[in-house]
Amino acid sequence: MFGPNTYVKHNSVISYSHRDKEFINIYERVSDKFSEKFNLGDYDILFIPGSGTIGMESIFYSNNSSINVIGNEGVFKKKWESFSNLYKKNTNSSIDLFCILETSNSTIFQKENSIVDAISSFPYYSIPKDTKIIATCSNKQLGGFPGLAIVAVKKDYWSYLKSPEEFSYLNLSRYLDFSKKNQTPSTAPTQIFAHFETVLDNFKLSKLKKKINTNSEKIIESIGSDNIIGEAQCPVITIKKELISIDIAKKFHLYGLNTNSSNYQIFTYSCDDRDYDLLCKELSR
């Protein structure tokens, strides 16, 4: 429980393919709604089938400049440094990239005029000024199904990226070309788009922030702010395993229970509020 993906119940019936007009119409609506909902009119919105990590790799592949990974140390910074080494460029030009929220230790970093991993931070934390590319996903805070990366590219940044002639399913320019036809280069997850449109119609940022803040405060009160690693009021709260009994961890199947991590993590948006009440009641005993 309390993991990074928002829990949803949905019965979807899809009677069309990703090349049919029904999907083309949904794609266009979802793209427009996403742009309008989050005030991203200066960006081209691209949908890449797969996880947020696939979206991140597409950014490293597509940039003609070297990418300099900065920000707080942690698991995800190391992952992006691996991509940076894999996709080294023979050029003197470079651009910075960072995680706004380094999920592994709940720390925040912000810098203008860069590329941002907003996969775990969006939209609770604002995007810095003049960000060139934003990577996020349909699930997590937004509450859609997992399986769709969302990459927003500043409209004046395309000259710094590979041309669409370079054939790769990581090439953002190919996604831009297909987006003009309201399609994706590869098979699109039609059920995710259909569900995501409903999510966007009902999404309210103020409601999400209130949920995260309220549940954070409950956890702070139950375990103490001094026992929390990184940000205490945050979409993900990190707590050393030694501070939570194994019985409680197993009862709620806390995130991190079956890993080698020395910490448990509680994502403060993914479950019903009453679930947080039950957990905090156990933590306060």
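This is a predicted model: local features need pLDDT of at least 70, side-chain atom pairs count only at pLDDT 80 or more; totals for chains, interfaces and linings use all residues.

1. The largest pocket has a volume of about 760 Å³. Its lining comprises 24 residues, and those nearest the pocket's centre are Thr6, Gly143, Lys207, Lys211 and Tyr269.

2. Which helices supply at least two residues each to the lining of the largest pocket? They are helix 5 (190-202), helix 6 (205-223) and helix 8 (273-283). By residue type, the lining of the largest pocket splits into nine charged, eight nonpolar and seven polar residues.

3. The second largest pocket has a volume of about 410 Å³. It is lined by 20 residues, with Phe76, Ser104, Tyr255, Thr259 and Gln265 closest to its centre. Helix 3 (75-86) and strand 11 (263-267) each contribute at least two residues to this lining. Here the division is eleven polar, seven nonpolar and two charged.

4. Now to the sheet, which is open and made of three strands in the order 9-10-11, with antiparallel pairing. Strand 9 (228-229) and strand 11 sit at the edges, each pairing on one side only. Strand 10 (residues 236-240) runs antiparallel to strand 11, and five bridges join the two. Within this part of the model, lysine 240 lies opposite asparagine 263 of strand 11.

5. Helix 6 packs on the sheet and touches strand 9, strand 10 and strand 11. The direction of helix 6 makes about 15° with that of strand 10.

Methods: Residues are numbered from 1 along each chain as its sequence is written. Side-chain values use heavy atoms; hydrogens and water are left out. On a 1 Å grid over the protein atoms alone, a cavity is a set of points where a 1.4 Å probe fits but cannot get out, and a pocket is an open set with protein on both sides within 12 Å along at least five of seven lines; lining residues have an atom within 4 Å of a point. Grid points are joined across faces, edges and corners, and a volume is the space filled by probe spheres set on the points. Helices (H or I, at least four residues) and strands (E, at least two) are DSSP runs, numbered from the N terminus. Ala, Val, Leu, Ile, Met, Phe, Trp, Tyr, Cys and Pro count as nonpolar, Asp, Glu, Lys and Arg as charged, and the others, Gly among them, as polar. Two strands pair if DSSP finds at least two bridges between them. Contact means heavy atoms within 4.5 Å. Axes are lines fitted to C-alpha atoms, for helices over the stretch in contact, and angles run from 0 to 180 degrees between N-to-C directions.
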